[in-house]
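Please examine the sequence and the model before working through each solution.

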Amino acid sequence: MKFSKIMFKQSVINYVKNLYRKEMYEANDKQLYTAVAYAVKDLMMDDWIKSQREYKDQNKKTVFYLSMEFLMGRALGNNMINLTYYKDIKEALDELGIDINVIEDQERDAALGNGGLGRLAACFLDSLATLGYPAYGCGIRYHYGMFKQAIVDGYQREEPDDWLKDGNPFEIRRDEYAKTVKFGGHVEVEIDENGKEHYIQKNYQQVRAVPYDMPILGYGNGVVNTLRIWDAEAIQTFNLSSFDQGDYKKAVEEQNLARNISEVLYPNDNHMSGKELRLKQQYFFVSASVQNAIERFKNYNDDIHDLPEKVAFQLNDTHPTVAVAELMRILIDDEGLGWDEAWDITCRTCAYTNHTIMAEALEKWPIDLFQRLLPRVYQIVNEINARYVRQIQNKYPNQPEKVASMAILYDGQVRMAHLAIAGSYSVNGVARLHTEILKKRELKDFYEMRPEQFNNKTNGITQRRFLLHGDPLLADWITDKIGDEWITNLPHLEKLAPYADDEKAQKEFLEIKYQNKIRLAKYIKEHNGIDINPNSIFDCQVKRLHEYKRQLLNILHVMYLYNQLKNNPDVDIEPRTFVFGAKAAAGYRTAKLTIKLINNVAEKINNDASINGKLKVVFIEDYRVSNAEIIFAAADVSEQISTASKEASGTGNMKFMLNGALTLGTMDGANVEIVEEVGEENAFIFGLSADQVMEYEKNGGYSPWDVFNNNPDVRLVMTQLIDGYYSPENPELFREIYDSLLNKDIYFTLLDFDSYAKAQARVNEAYKDRSAWAKSAILNIAKAGKFTSDRTIEQYATEIWNLEKIDLTK
């Protein structure tokens, strides 16, 4: 559909009038945003309807991407980009006297995710639509997300992220597809006249799963897929009989159960009620999604045995892996299939992505909780386990350690990753190093039993969000140099490589980076009240806060640099701005204390006039997609400093690379592949290798006290943690961090400190030659083509899901 500026302007005017009973000059910015959003949604609606109709008519295989998180970011700008109308709409709004940047800033980031897992899912949806593959994203419509982060006196404070307060113009409620999800009760066996057993769940609680659909646009191709997020509602919102009898709690029992399920992402599970709520959430959206997928399949197809030819369930980490058992339940109890038939269908329909090497993130549920909450599903898991254990014993007779390692039910726990592996035809890691570690260590026994099941799919990012929208100055510059093919074919960036040696191009790039740094500096001044120097090195570490990601290593090095400056104000240090952004899980004490440490160090350094502004430290409050775009565009240095072997992939490293930042990192996750592409001379690599880390973990041989006693720089910064230097009001405030590093240091922070400091010194030296720096930065952009999510999804679609692209010309 061709864009009509006149019609679009009239649409905005009409929405302001009809939604708010106002004329344009009376509407505030929030109201104007809503009107513009509805007008943009109108531009998508015909294609959305057509795409879904074509999926039905062509009956193509569809992937249902099941994920606890979808970190979508703001929808308005991305939708305008993928419509290819962004500049047209900007002109239309200019004529109405509306600033498009002000309008975009009115939108709250959709609080449907938290970290890399959710952002990857969002990138995948963008790529699926852009490549023309039929897909649904399936998740939960969280009312308050994980939390909105506030920094108060340097501490993280969790506040509700009320992103739906003013509504979401881009969603559509779909009551006609609502499903019922059951919890608790017990299972009775009834035998029919043919002697067949039927399993009936009784005395259960139930909630109504109501889907809300959001459009996912492909770039310029008319394909619109759907993100379907489920909200929980009571079947009976109010029990008048119970109320009249004085049982007020029971009167609203179902309503409270439903409300809790879709309130927040990742409720604190340091207690049993939190664990129970998490399991309810996972089963809730999985059950609704699987029910919906099978209902959709049956609308288009006659034989349930054909399900694997028309449907793929991709399990995004261990959260949705109960889908294996839920699909079995539906096939057996609702469709009347026998066990062997149902298991064959399930094992050809489900595929599992492992996103972590960290044992803590591989979900395990207490059997008593699982059995009480999901009695019929537990029966099925129990039977899957019994049969799987027999397979293991047949393959490895007289090796009980194999059963201990691989069983689904073991030691009082339901091991969800094992359920996923048992019931999936594909298990993939998300970076080559990560996949090799899975095969050789973490999932070694499973790999040896079924090596053909395992494969690698290195993660990727969408260039349309993180370059075309997030860094428009750089995007326009690239297009001016090599054309716009890179928007849908990122390896086309390779044509930028010859410009790396072009002095004029280098200066142009540095000017664009400078303008982006000014933009971030304004954001920091507005939100943090800190003045930063846009000519300084912008050294950025923004990601979920976890000890293995080693924000501690970064801040300890900042303390070390500060000590150098205090000892010698003339020391050769290029002005440096260290930017941190991270949320810590509400129950993660050490991570939250690390945030406090970063902010206390920032407070001291930023207010010390004696160092002449050579160092500044900034903690970005409430890190999210919308401010991430500003940070990626401005960064000079990309901190990717996780302990080698611990980061599965990372995608922030790719976003920084795409925006011309140089990687400072360990050989971990996708850093390995980034360095392969760009060359080690265009990155700053340090630290232990993955093999060295795993050797230490296996055989020991490392004492943090040795580093403390032999490295005076480390000893000083460690002592400053407990002598009140950064917490004069409470010298013992950071004792927990001190003790953890010296007594355990399980992530080798102190052992890698010297190597990290030397790498940082190389950064300092390299930045003095701006021309050489610009050359490396341009080469990083030119070599980023591999790391598009378009490539990743093409591999999933052809090598795992066996999808065909939709043809909208038919």
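**Exercise 1.** State how many aromatic pairs the structure holds, and describe the pair formed by F64 and F313.

*Solution.* The structure holds 24 aromatic pairs. Rings of Phe, Tyr and Trp (its six-membered ring) pair if their centres lie within 6.5 Å; planes under 30 degrees apart count as stacked, over 60 as edge-to-face and the rest as tilted. In the pair of F64 and F313, the centres are 5.8 Å apart and the planes make an angle of 45°, which is tilted. F64 belongs to strand β1 (residues 62-66) and F313 to strand β11 (residues 311-316), so the pair ties together parts 249 residues apart in sequence. Strands (E, at least two residues) and helices (H or I, at least four) are DSSP runs, numbered from the N terminus. Both F64 and F313 are buried; buried means under 20% relative accessible area, exposed over 50%, and partly exposed in between (1.4 Å probe, protein chains only).

This is a predicted model, in which local features need pLDDT of at least 70, side-chain atom pairs count only at pLDDT 80 or more, and totals for chains, interfaces and linings use all residues. Residues are numbered from 1 along each chain as its sequence is written, and side-chain values use heavy atoms, with hydrogens and water left out.

**Exercise 2.** Determine whether Y725 is buried, partly exposed or exposed, and do likewise for Y726.

*Solution.* Y725 has a relative accessibility of 27%, so this residue counts as partly exposed. Y726, at 4% relative accessible area, is buried.

**Exercise 3.** Identify the residues with the most contacts inside the largest nonpolar core.

*Solution.* A nonpolar core is a set of buried Ala, Val, Leu, Ile, Met, Phe, Trp, Tyr and Cys residues joined through side-chain atoms within 4.5 Å. The largest has 155 residues, and F8, V40, I478, W486 and L721 have the most contacts inside it. Another core, of 121 residues, lies apart from it and includes C347 and Y378.
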